[in-house]
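Q: Could you walk me through reading a pocket and a few confidence values?
A: Gladly; let us start with the structure itself.

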Amino acid sequence: MKIDIRRFRDRLPQEIADLESEARREGYRQVARLIDDWSTDAVRFDRDGERLFGAYVDDALVGIGGVTVETAMSGALRMRRFYIRPAMRGRGIGRMLARALLDHARPFCTVVTVHAGNDAAAKFWESLRFQPHGRDGHTHLLALQRHSDDPAASDLRRCATPRSP
């Protein structure tokens, strides 16, 4: 099984429709929201630090996920629109996709948030060291450690602080 993580920039792949149908059958709307937001230019994952990645197995799209600017915390990013096809779960694909997004996020900030939609998702995020933190529309956050070769690694300031109401 060959797993590829690819960045989406200018357009969403045609296969996103199949992924959306599968998610909808499970009762999930995050892929439909991704398609809607993309088509209206509301969220294109193109601001500083933002990315949208797809996970492919043998050239078939099996998952998607992205990071956007976290509006509830200054300087933080938020994991969004994360979905892996049920038949592909438990094979490390979601973990690989999440790690690619976290590796991308690391130079931009030290905190990433996520909203886990159910207990299984919460367990998944917690397995990646996200901590429960139910505030401002997210359920978990992860304080990222910078790579030791990163010149900012010695900067101990947290760039994410809650915004005042």
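Q: How do the residues of the lining of the largest pocket divide into nonpolar, polar and charged?
A: Ala, Val, Leu, Ile, Met, Phe, Trp, Tyr, Cys and Pro count as nonpolar, Asp, Glu, Lys and Arg as charged, and the others, Gly among them, as polar. Here the lining has 13 nonpolar, eight polar and seven charged residues. This is a predicted model, where local features need pLDDT of at least 70 and side-chain atom pairs 80 or more, while totals for chains, interfaces and linings use all residues. Side-chain values use heavy atoms, without hydrogens and water, and residues are numbered from 1 along each chain.

Q: Which element gives the most to the lining of the largest pocket?
A: Helices (H or I, at least four residues) and strands (E, at least two) are DSSP runs, numbered from the N terminus. In this model β5 leads, with seven residues.

Q: Which side chain does H133 join in a polar contact?
A: A polar contact is a pair of N or O atoms within 3.5 Å; within protein, one must be able to donate a hydrogen and the other to accept it, and sequence-adjacent residues count only if both atoms are side-chain atoms. H133, in strand β7 (residues 131-135), pairs with the side chain of H138 at 3.0 Å.

Q: What pLDDT does the chain average?
A: pLDDT is the predictor's confidence in each residue, from 0 to 100. The chain averages 88, and 88% of the residues score at least 70. Over residues 148-165, however, the pLDDT is below 50.

Definitions and conventions:
Contact means heavy atoms within 4.5 Å.
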